[in-house]
Amino acid sequence: MDIVVIGAGQAGLAAGYELQRANRDFLLLDKGSFIGESWRSRYDSLRLFTPRRYSALPGLPMKGKRWGYPHKDEIADYLAEYQSKYALPVQLLTDVTSLTARDGRFWIATSKGELEARQVIVSTGPFQRPYCPEFGSALGSAVTQLHTADYKNPEQLPGERVLVVGAGNSGAQIALELSAKKKVYLSASHAINYMPYRFLGRSLFWWYERIGLLRKGPDSRIGKKLAAKKDPLYGYELKEAIDRGEVDLLPRTIGAKERRLLLEGGADIEVDAVVWATGFKPDYSWIDIPDAFGTGGTPVHDRGVSPVRGLYFVGLPWQSCRGSALIGWVHRDAKYISQIVRQHEPKISLQRQSSVARPL
C-alpha cells in the first residue's frame, strides 16, 4: 500500500477524505465491525456539547436542526453515511497488533495478516484505555464499579447510593441521569467551570469560531492558558440539580476501603455503586518505533508530523490547536497531513474494485 490509515473514526475518515481529494492510494483499517461502532457503544443518553453545525466533517452537513445537540447514535449514523457517500476504502474487523519500521517501509501486523506501507497515519485518537484509580481495587465486591466506557444506563447499577467520580461533561450527564432514580454523589477534583450553551442568542461555539479561539495553537499565549485549565462544563443543568439537592457535590476521591470512598479533607462516604468518569489514557504499546515517542509514551510530533519519516498522527488533543480533538475541527489537521503526505510520494491513481466498507 502507498498509505495505511489506522483507525476509521472521525479522524481517520477526515484523513481519508483529504487523501481521496489528493488522488492518493490508501486503505483505512479499523477493528470495529461497522463504521461508528465506538460512538454507538457509548452510554445511552450521551449527547455532544457541540451543535450539529460544528459536529460534521467536510462535504456533508449533519441532518436535523443545525444548532441542536446530536445524540451519540446520530454521530454513529453520520460517520457511516460519510464513509458511504465518499466510498472511502475501509477494512473492518482488523485489529492492528503491531506497527514497525524497517528499510524505509512500515510493516503493519493485523488480525487479517501483514501489510507493507510507504506511509502510515495513526488516527486512533486519545481515548483508548479507560483509566480508573488503583485504589478502586480496595472496594469490596458488594460495590458495583463501572467506568464510563462500560456504563450504558441506570439499570446496570444496583442499590440506591451511587458515587460518580469525575465532574467532566460525561460525569455530569451521567450524574444527572442517575439522579432521577437514585441518590447521587458527584466527586470533583476541581472547581467546576460552568459555561452556557448560548451567549447573546448564539451558540458559544459560534463565538469561539468568530474570535478564532479554537484555532489557537498550543504554543500561543492563549493556547498555553487554555491547555493548563480543565475543560469547562457546558450547560447549567448540573448546577441546578445541585442547588435542588438532587446531586450532592463532594471533593476529590482519594481512597477506598470495602464499601467506603475516602474524600479529600478527611470525610468518607458509603455507596452501593461507583461510576468512574475519570477519563482515558492513550495506548500506543502496539507501535514499536521508539523514535516516535517521548517521555511517558506520548507521540513526538510537529502538527501531527512525526520525526520518523512517513509516520503521522491525526486526532490528537492540541495537535495543532484547541479544536484538534473535536469532531468539527479535526479535518483541519487531516488536510495539513494530507499536504505533507503529498510532498513525500508521487501521485498514484486510485483503482479499486469496491467502494463498500467491509471486512476483507
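A residue is called buried when its relative accessible area is under 20%, and exposed when that area is over 50%. By that criterion, Phe-205 and Tyr-234 are both buried. The model is predicted.

**Aromatic pairs**

- Across the whole structure, 21 aromatic pairs are found.
- One of them joins Phe-205 and Tyr-234 in a tilted arrangement, with 5.4 Å from centre to centre and 40° between the planes.
- Because Phe-205 belongs to helix α5 (residues 204–211) and Tyr-234 to strand β15 (residues 233–234), this pair ties together parts that are 29 residues apart in sequence.
- Trp-206 and Trp-207 form an edge-to-face pair, 4.8 Å centre to centre, with 90° between the planes.
- Trp-206 counts as buried because its relative accessibility is 17%, whereas Trp-207, at 26%, counts as partly exposed.
- Phe-205 and Tyr-234 also belong to one aromatic cluster, together with Phe-49, Tyr-54, Trp-67, Tyr-208 and Trp-329.

**Charges over rings**

- Arg-202 places its charged end over the ring of Trp-206, 4.1 Å from the ring centre.
- The charged end of Lys-281 lies over the ring of Tyr-131, 5.0 Å from the centre.

**The β4-β5-β6 sheet**

- Three strands make up an open, antiparallel sheet in the order β4-β5-β6.
- β4 (96–102) and β6 (113–117) are the edge strands; each has a single partner strand, so one side of each lacks a neighbour in the sheet.
- Neighbouring strands of this sheet are turned by 20° against each other on average, direction ignored.
- Six bridges link β4 with β5 (residues 105–110) in the antiparallel sense, and Thr-100 has Trp-107 in β5 as its bridge partner.

Definitions and conventions: Residues are numbered from 1 along each chain as its sequence is written. This is a predicted model: local features need pLDDT of at least 70, side-chain atom pairs count only at pLDDT 80 or more; totals for chains, interfaces and linings use all residues. Side-chain values use heavy atoms; hydrogens and water are left out. Two strands pair if DSSP finds at least two bridges between them. Helices (H or I, at least four residues) and strands (E, at least two) are DSSP runs, numbered from the N terminus. Axes are lines fitted to C-alpha atoms, for helices over the stretch in contact, and angles run from 0 to 180 degrees between N-to-C directions. Rings of Phe, Tyr and Trp (its six-membered ring) pair if their centres lie within 6.5 Å; planes under 30 degrees apart count as stacked, over 60 as edge-to-face and the rest as tilted. Buried means under 20% relative accessible area, exposed over 50%, partly exposed in between (1.4 Å probe, protein chains only). A charge sits over a ring if NZ of Lys or CZ of Arg is within 6 Å of the ring centre and within 35 degrees of the ring normal.
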